[in-house]
Amino acid sequence: MLGLTLDKLIVIGVIAAIILGPERLPAAAERLAGLVRSLRDLANGAKDRMREEMGPEFDDVDWRKLDPRQYDPRRIVREALQDDASAAPAPGSAAAAAATVAATAAAGRSASRPRRRVEPRDPLVDGAPFDAEAT
């Protein structure tokens, strides 16, 4: 609730009572109550409209699962890395050896390819457009 505790709310209330004074405090409290009521009605209206537009599936939706506060990027990355590690071939297997040989061969091919000198007016450098005026 925005980090507001009962102690903080009491302090805010006391400060408001001192600033507003006893004459204007009841009117301010009525306006605050009206604002809270209108916000609650607005939220209930939006909920009713969603229920009306979605039909019976609205009650089947697990809203806690869609709460953005539950998403922890560190957990998501950790789970993705664990999934990749479980999908990777076991060390010492034939698949792992073949993957290592293929990676080494690919690295050797790229290292042994002769390098072309990049000229400022050359329209293509390794198949990508080249702009000499780019920073």
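Here are legends for a few close-up views of this predicted model.

**View 1. Helix H1 and its kink at Gly-21.** Helix H1 takes in residues 6-54, yet its end C-alpha atoms are only 38 Å apart. Look to Gly-21 for a kink of about 115°, shortly before the proline Pro-22. Just after H1 comes Gly-55, with a positive phi of about 80°.

**View 2. A nonpolar surface patch with Leu-35 among its members.** Leu-32, Leu-35, Val-36, Leu-39 and Leu-42 make up this patch, which covers about 500 Å². Leu-35 sits in helix H1. Its relative accessible area is 46%, so Leu-35 counts as partly exposed.

**View 3. The Arg-49 and Glu-53 salt bridge.** These two side chains meet at 3.0 Å, N to O. Arg-49 and Glu-53 are 4 residues apart in helix H1, so about one helical turn separates them. Both Arg-49 and Glu-53 are exposed. The structure holds 5 salt bridges, and the next two views show others.

**View 4. Arg-64 paired with Asp-62.** Here the salt bridge comes in at 3.7 Å, N to O; the cut-off is 4 Å. Arg-64 is exposed at 69% relative accessible area, while Asp-62 is partly exposed at 37%.

**View 5. Asp-67 paired with Arg-69.** The side chains form a salt bridge of 3.0 Å, N to O. Asp-67 has a relative accessible area of 22%, so it is partly exposed. Arg-69, at 74%, counts as exposed.

How values were computed
Residues numbered from 1 in each chain as written. Predicted model: local features only at pLDDT ≥ 70, side-chain atom pairs only at ≥ 80, totals over all residues. Heavy atoms only, no water. Helix = DSSP H or I, 4+ residues; strand = E, 2+ residues; numbered from the N terminus. Expected span 1.5 Å × (residues − 1). Bend = angle between axes of the 7 residues up to and from the residue. Patch = residues over 30% accessible without salt bridge, like charges linked within 9 Å, V, L, I, M, F, W, Y side chains within 5 Å. Areas by Shrake-Rupley, 256 points an atom, 1.4 Å probe, with all protein chains shown as cover. Buried < 20%, exposed > 50% of the residue type's maximum accessible area, 1.4 Å probe, protein only.
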